[in-house]
Amino acid sequence: MRRMGMHMLKKGFSFQGPAEGVHALKSWITPEDDLFLVTHMGFLNIDPEHWHLDVDGLVGNPTRLRLPDLQAMPQREYMSFHECAGSPLTPTVAKRRIGNVIWKGVPLSLVLEHAEISKQASFIWTSGLEWGEYAGVEEPYQKDLPIEKALAEEILLALEINGRPLTPERGGPVRLVVPGWYGTNSVKWIGSITAANRRARGAYTTRFYNDPAPSGLKPVWGVAPESVIVSPSPNDLLLADVPTEISGWAWGDREISTVEVSVDGGGSWQTATVGPRKDKSWQRFELPWLPKSGQHVLLCRCTNELGEGQPPCDARNAVHAVQVVVGN
Ligand SMILES: Nc1nc2c(c(=O)[nH]1)N[C@H]1C(S)=C(S)[C@@H](COP(=O)(O)O)O[C@H]1N2
Ligand SMILES: [Mo]
């Protein structure tokens with residue numbers, strides 16, 4: 001679908017992120033310059049005057065909303081970690097594309113109410129407006145949400161990130177955000193919302209972003225518990241017997257209750273202090289450390305309130321390791 005007032009800025013798959021990886025993520029709120037960017041088909045530039053959102057399917061009042069309509073509706077802020085699930089072609093590789101931001105926008109539930117969503121609707125399909133090819137597939141970026149999730153208060157049609165309007169690269173002027181779920185579900189450049197009584201059948205819901213499960217395939221939805229060591233980084237100059245601190249972030253769809261840190265490559269583990277969570281933000285952890293000289297492999301692993309943890313390897317939320325050298 002090619003509309004007036006829209007053009008692709010850069011075609012094809014693209015990832016951008018800080019060169020130092022997670023070691024760049026020192027602050028509680030991730031500045032946009034340090035926040036990763038992902039697109040499958042390319043970035044879309046939309047002239048805000050030409051943007052509109054169609055709400056159709058199982059609704060009593062099919063609606064077309066333009067930017068001023070959305071701007072006139074009640075908006076809310078919500079703090080959330082934002083994480084990419086990694087490549088759907090290599091789903092067990094941990095990519096650790098992560099940040100923590102404040103989104104602001106109109107709750108999706110208000111738009112669905114306005115469109116008089118039918119009781120028969122069990123899934124909400126959303127599509128991005130860009131076009132192009134990814135992994136041999138040429139179809140719109142379409143995702144879906146079960147109705148209970150779509151109606152949750154934190155699901156937003158976001159207009160802002162960290163107090164600023166969304167840039168074209170970030171999915172502006174309006175994108176979906178699904179806090180607590182992997183980034184793939186947060187459709188950028190949103191142009192249509194369809195209420196349906198079944199799941200969407202496009203490549204991005206059936207072929208990509210599905211994990212093998214005993215019952216068949218499991219969609220990549222809620223974020224599994226995960227943690228990263230931000231400091232020290234492999235480049236830091238550490239000195240033996242100088243008190244230092246190991247710190248980082250832990251997050252997941254469910255609140256994190258414990259983080260453990262190992263300074264000997266997993267031989268032994270110590271419990272770190274874990275900070276509070278706001279909305280669905282990440283949580284800071286820290287552990288004092290008096291290092292001895294030599295090479296050390298630092299690891300961290302977390303557990304959520306349900307007791308779910310992180311696998312040691314071969315998973316998108318595998319345990320993070322950092323190798324450091326401590327001098328005399
Ligand atoms: N329309 C559209 N939405 C999209 C994508 C896309 O390619 N097209 N990529 C998804 C993926 S995989 C991720 S991780 C997030 C990335 O959002 P960000 O670039 O703002 O970090 O957008 C999601 N939404
Ligand atoms: Mo992603």
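This is a predicted model: local features need pLDDT of at least 70, side-chain atom pairs count only at pLDDT 80 or more; totals for chains, interfaces and linings use all residues.
Let me begin with Asp 54, whose side chain forms a salt bridge with Arg 64, with 2.7 Å between the closest N and O atoms. Asp 54 sits in strand E5, which covers residues 52-57, while Arg 64 belongs to strand E6, residues 63-66, and the pair, 10 residues apart, links distant parts of the chain. As for the two partners themselves, Asp 54 is buried, at a relative accessible area of 18%, whereas Arg 64 is partly exposed, at 46%.

I turn next to Arg 301 and Glu 260, whose side chains meet in a salt bridge with an N to O distance of 2.8 Å. Because Arg 301 lies in strand E24, residues 294-304, and Glu 260 in strand E20, residues 256-262, this pair ties together parts that are 41 residues apart in sequence. Here Arg 301 is partly exposed, with a relative accessible area of 28%, and Glu 260 also counts as partly exposed, at 22%.

Which residues are joined into one network by salt bridges that share partners? They are Glu 245, Arg 284 and Glu 286. Of the pair I started from, Glu 286 counts as partly exposed at 30% relative accessibility, and Arg 284 is likewise partly exposed, at 31%.

Notes. Residues are numbered from 1 along each chain as its sequence is written. Chains are lettered from A and ligands numbered from 1 in the order in which they are written. Side-chain values use heavy atoms; hydrogens and water are left out. A salt bridge is a side-chain nitrogen of Lys or Arg within 4 Å of a carboxyl oxygen of Asp or Glu. Helices (H or I, at least four residues) and strands (E, at least two) are DSSP runs, numbered from the N terminus. Buried means under 20% relative accessible area, exposed over 50%, partly exposed in between (1.4 Å probe, protein chains only).
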